[in-house]
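The following paragraphs lead the reader through a structure, beginning with the place where two chains meet.

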Amino acid sequence: MAKINVNVDGVGHEEEVEPRLLLVHFLRDRLGKVGTPVGCDTGNCGACTISMNGKSVKSCSVLAVQADGAHLVTVEGLASNGDRHPLQKAFHEEHGLQCGYCTPGMLMAALDLLKENPDPAEEDIRAGLEGNLCRCTGYVNIVRAVQRAAREMAGERP
Amino acid sequence: MTVTPTPAEVRQSEVGRARRRKEDARLVTGQTRWTDNIQAPGLLHIAFLRSPMAHARITRVDVSAAREMPGVVAAFSGADFGAEQGSLPCAWPVTEDIVIPDHPPMATETVRYVGEAVACVVATDRYRAADALEAIEIDYEPLPPVLDLEKALDADSPLVHDAGNRAYTWTLSNGDVEAAFRDAPVVISRTFRQQRLIPAAMEPRAVVVTPLGDEYTVHTSTQIPHILRFLLASVTGVPEHRLRVIAPDVGGGFGSKLQCTAEEVLCLLAAKRLGRPVKWTESRSEGNLTVHHGRDQLQRVQIAAEADGRLRGMKIDLLADMGAYLMLVTPGIPLLGAFMYNGVYKMAAYDFRCTGVFTTKMPTDAYRGAGRPEATFAIERLMDELAAEIGVDPVEVRRRNWITHGEFPYDTVAGLTYDSGDYEAATEKALQLFGYDKLRAEQKDRRDRGDTVQLGIGISTYTEMCGLAPSRVLGQLGNASGGWEQADVRVLPTGKVEVATGATPHGQGHVTAWSQIAADALGVPFEDVSVVYGDTAVVPRGWDTYGSRSLAIGGVAVHLACEKVKEKARRVAAHLMEIDPGDLEYAEGAFRVRGAPAEQGRSIQELAAAVFNAHDMPEGIEPRLDSSATFDPANFSFPHGTHLCAVEVDTETGFTKIRSYVAVDDVGTVVNPLIVDGQVHGGIAQGIGQALYEEAVHDAEGNLLTTTLADYLVPSAADLPAFVTGRTETPATSNPLGVKGVGEAGTIASTPAVVNGIVDALRHLGVRDVQMPCTPERVWRAIGGAS
Amino acid sequence: MIPARFDYAQPTSLPQAVSVLSDAGEDAKVLAGGQSLLPLLRMRLAYPSVLVDVGCVSELRGVRDEGDHLFVGAMTTQHDLVRDPLIREHCPLVSLTAATVADPAVRHRGTIGGSLAHADPAGDLPSVAVALDMVFVTRSPREERRIAAADFFLDYLESALETDEILVGLEIPKLGPGWTYHYEKFHRTAQAWAIVGAAVAVRRADGHIAEARIGLTNMAPVPVRASSVEAAVAGAAIDDDVLRRACATADEGTSPASDLHATPEYRRHLARVLTRRALATAARA
């Protein structure tokens, strides 16, 4: 067992973990942060994407021990002071989700994308989301939602 | 109690509005109810050992070492469950002489596909359960795999089951087919392969069974909690009234969660034996192996036509891969296509034959479209080939054959009555949105220049039968299920409305759409309606969600239940107002004397309050406005539309890029255009997946090679263009809302549009067909790239 | 799926890492970014006894200008390879190839050292390593080694690293002015592995190709140089027909595999097409 310290959505945790424990299982099973789901075994689907020290990572492809000392943000920590993040609002406005299983990962990947490129063209958005699979939406409204959030975050009318 | 009349407001109709979904707020903040989220005191985790052999006799299973592993509470082999595990059900025996093999949830003597459960471990956490699987000892005596659909029917083929590899042969014929083909000026014959697909819903399956005395609550990632309840009862012997099935948030289904699975049965049995809650969560690779697969048909199809392209008749001879067993509706899937090979066209003669074949692979069953994509693909590919054969534009050959707007209702050669449609209008609109003529000009230019990248235009003018119902027809087809749907509308004391629907959503947006329907019917605010679903204790009856049936059946039931609420409320209002019920009219959420100002009426909220305290009720009226309704239509509904796809094919590499895609769909009355567009978008993406990317591939021993999403390629945002959607609106006549259903339309239409586009791009190079998925290598070989 | 049990060590210096790895025996495995290793562990395709996490070893980090080459620490992520100003200036082929690896979240964790040490011929960076003649700097209890790229990749998923040897970093030669670059990756979907890839560096002179370096992805159990094309294009005009002829031998000496996505014959064809396209794009950049 190894002792780790992590901050998840603003709350500090000190926990003993088995080295093999996946970060996503640590979040879900140990901390009850079930907003982040698991969709595959190989890092392809992106459903489990979270932010680790400010960068998107697939939490199924990180060991909990590797997150020692890290600052993690999950979809549950995306809103601030009760206000939904522009991306969360935009996914709702543009109907960018159906079943919602890929949505936490999409939101966190899109957050990273807009941090790297606040004014992305459609093809930038599509390329930036290549590691996040959705089976419901055909991505059309997800792309629109990211565009809308980008406008709002730039201070424009969405 | 004093009652204040609600001022009447002129309200906008909810039906037709692009309401943002009520479902979203919690889903975008991670406040979800996936089955795997469930924790319970004493929760145990189950893991399954799965057969690594496609076909083998089990000679020994020893779980004793696994039982000694840390954290392990129990381990079971199939024999341990014995007769208690029953046989997984097949509810659609399509013929009298169909072979329905025994299907134990856990194999006991013989395994018949890679992935079949052979033993399980129950442990205190999922990690320990996974570890203990490796301690199970099991010996197999290999048997020859049966993998090829055609060879499986050879007399000397190894047998999957003793009764033979032919499950059934089903036929449908109308008109004189031989005459239609005799001396026909044009006959087009093709063999198409509908490859095996993996549904790959984003949420892997999960089950949690919680025992309480002799009562069991089953949370499961299913499309069909209601159907599953009685299926679990009949398989396990746990009485139906001691079972509660809950489908919480379900992360997509596409037909794959329309099933009574081995894991659901085995989790129930394990929880029953151990008296503790048991959870199973599948991994993606486990799911690729063992969630039922889709499609997998070999289609030999022929059309006969006049010299001008007018169709005379059609012959269809199918082999359908059932896989190793017949699951819930496995044998019926090809039959859902049997009535659709004629598509939107008129012809005099039709001959359909389908043989279901056993192989040593995962069983097939419903996958988005289920039978209809296969049929639509065949006829739409043939119409393009016919156009090329007689040298006319593929749009024109369709015009010469389709049922015109004035001809509805139309009795088709396959025996259906299409109630409504306007193929001309949908096609015209699609051509304009697409810029058809301009793209044809560019295509010609690229051909003339011998450009490396050739442009192709694919057309698909489809219709489909959906709104799976009517019960009477399902019965005639041998399907054991009913087709009605039920809704309860409860008016709460404060006048808020709770709709309980038997149609169980898994991402479609029922809560929003049903709120719109109820708000319109009752004249209450959209916000005042909530919708409950997916729990047999809360909504005891229903036939659930599949076959694009929810709106056309379940949504209509909501509407009808609201009408019943109003009829009860009318009698209460008339009593309170001391007036004849017939003199009242209902408008803007209140009953009032015909022509009188709304303020003088009684609002539904007031009537709810009056009924709640029941101080002054009319004779013979119970103190509740709540009403239930079921709807069982007389006919299917028939969405239709025209999809156009422009592809760019790199002739050097064979790579296909979709450049633009236009879909004009007619789904009848639109309740929520946002949701309709979303369904179309997602459907198109899945249809493109079949055309270009997806295929379940097995090796010569029957091992699935595409067990991960690194191998089974599902398109990402970067692989697809933005789809352009448009609509025409020809109301269905089979229900009072005029709605048709939209869940499967995109998938049904898009696959042939893409493949037609690829063949169109390369026809001048001698290409007449490309097998799906149209991988770069297959396209390159079709062009003749191989030496 | 769930990894089997393993022990875990997290050394904080290179000497410590080397000694931990050495003590752990031959079933130990080095964990860098984990983007290839973790899926293998989850699928239980690998059962290491000990994982030596080198994430805290400072000697494996950083990018330094060392004169005629850059030193790139093994733990430099693919994301950093795309963005690092020194790499972008002196070794742009590395940056633009790294940008095609997997997806952004994977690139945030995946490292150059991990990608190369994994020695997957379908990986994108190995072909760049051979094209640029990177030098692999390693450390074991016995010695520090400098291994030429041509000697590093031995077979499918097999490198010259001994079981107790750690890849410290890469010396990536600066090719100097006049060179242009392209990586032509061919895959079925955006996040799929390359069916074939061609990593190309071209030096132009007088409107001709003076010199070229070509590495091929997934054309053999190891990344390979298209040497005969390099010879054929030296001095060639930047002309499609000329390049087409020169690239006719791009698959010479390769032994591509057959798998789900392509046959060897098709891979050989792609190698010719992609090499030509990469050369043309680089030469016209």
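**The interface of chain B and chain A**

Between chain B and chain A the count is five salt bridges, a salt bridge being a side-chain nitrogen of Lys or Arg within 4 Å of a carboxyl oxygen of Asp or Glu. In one of them, the side chains of B:D36 and A:R28 meet at 2.9 Å, N to O.

This is a predicted model, in which local features need pLDDT of at least 70 and side-chain atom pairs count only at pLDDT 80 or more, while totals for chains, interfaces and linings use all residues. Residues are numbered from 1 along each chain as its sequence is written, chains are lettered from A and ligands numbered from 1 in the order in which they are written, and side-chain values use heavy atoms, with hydrogens and water left out.

The contact (heavy atoms within 4.5 Å) takes 56 residues from chain B and 47 residues from chain A. About 4,200 Å² is buried between the two chains, 56% of it given by carbon and sulfur atoms; buried area is the accessible area (1.4 Å probe) that two parts lose on being put together, summed over both. On the side of chain B, the residues that lose the most area to chain A are B:V28, B:Y127 and B:M202, together 19% of what that side buries.

**Cysteines**

A search of the whole structure finds zero disulfides over all chains, a disulfide being a pair of cysteine sulfur atoms within 2.5 Å. For B:C354, the nearest cysteine sulfur, that of B:C90, is 13 Å away.
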